[in-house]
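Trainee: Could you take one buried spot in this model and look at it closely with me? I would like to see what surrounds it, step by step.

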Amino acid sequence: MMILKLRKRARGFTLVELMIVVAIIGILAALAIYGVKKYLTNAKTGEAKNNLGRLAKDAVAAYERETMDATLAAANSGSQAVHRLCDSAAATVPAAVPVGKKVQPDPAGWNAGSATVGWRCLKFSLNDPVYYSYGYTAASPLDQANASFTASATGNLDGDTTAGDPWKYRGAMITPGVLRLATTMDEPTANDGPEE
């Protein structure tokens with residue numbers, strides 16, 4: 001009888017029990033990998049959201065700055081101060097959409113334009129490497145009733161041959177002379193992230 005008790009105590013796990021444990025570990029590992037991929041994608045798209053928010057605020061700040069006619073005023077005379085949006089940036093920065101990695105933008109790209117055109121007017125720049133190529137377009141920048149702008153970020157996070165749809169943040173006149181930002185950012189229809 002004592003020998004039977006020792007055999008029962010010395011018994012290990014059955015093959016079925018081991019297979020169940022391995023299956024549970026496999027399921028947990030799959031969920032962990034999915035969660036990590038989702039976290040990394042959200043971290044990368046966070047760059048676009050933050051930078052577009054800042055770019056849109058810079059566009060509104062540029063509109064709020066008063067500009068005057070570029071003419072020499074005679075003594076005791078003045079010129080009407082006006083509000084205007086910055087004209088569209090001629091190129092995106094970086095010029096090419098980064099493919100699956102961060103790219104250091106050329107600082108000269110952020111200095112392109114003039115006091116009323118492009119990146120120099122917006123006073124927007126990024127010093128750190130980026131996953132996205134940033135663009136800015138304006139429609140009717142001098143029209144106090146219909147001026148609008150779109151800030152965009154285009155990325156290719158998964159490194160395939162095509163870039164995803166851009167993230168967009170818009171601003172427009174709600175009443176003549178009052179520029180407001182859109183309440184939400186346009187997400188890409190097909191979010192470009194790591195393949196699942």
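Mentor: Asparagine 51 lies in helix 2 (helices, H or I of at least four residues, and strands, E of at least two, are DSSP runs numbered from the N terminus). Please keep in mind that this is a predicted model, in which local features need pLDDT of at least 70 and side-chain atom pairs count only at pLDDT 80 or more, while totals for chains, interfaces and linings use all residues. Residues are numbered from 1 along each chain as its sequence is written, and side-chain values use heavy atoms, with hydrogens and water left out.

With a relative accessibility of 12%, asparagine 51 counts as buried (under 20% relative accessible area, whereas exposed is over 50% and partly exposed lies in between, with a 1.4 Å probe and protein chains only). Its side chain is joined to that of tyrosine 134 by a polar contact of 2.9 Å (a pair of N or O atoms within 3.5 Å; within protein, one must be able to donate a hydrogen and the other to accept it, and residues adjacent in sequence count only if both atoms are side-chain atoms). Leaving aside residues up to four places away in sequence, asparagine 51 touches Phe124, Leu126 and Tyr134 (contact means heavy atoms within 4.5 Å).

Phe124 leads us on to Trp110 and Trp119, with which it forms one aromatic cluster. The whole structure has four aromatic pairs (rings of Phe, Tyr and Trp, the last by its six-membered ring, pair if their centres lie within 6.5 Å; planes under 30 degrees apart count as stacked, over 60 as edge-to-face and the rest as tilted). In the pair of tryptophan 110 and tryptophan 119, the ring centres are 5.0 Å apart and the planes stand at 85 degrees, so the pair is edge-to-face. Both tryptophan 110 and tryptophan 119 are buried.
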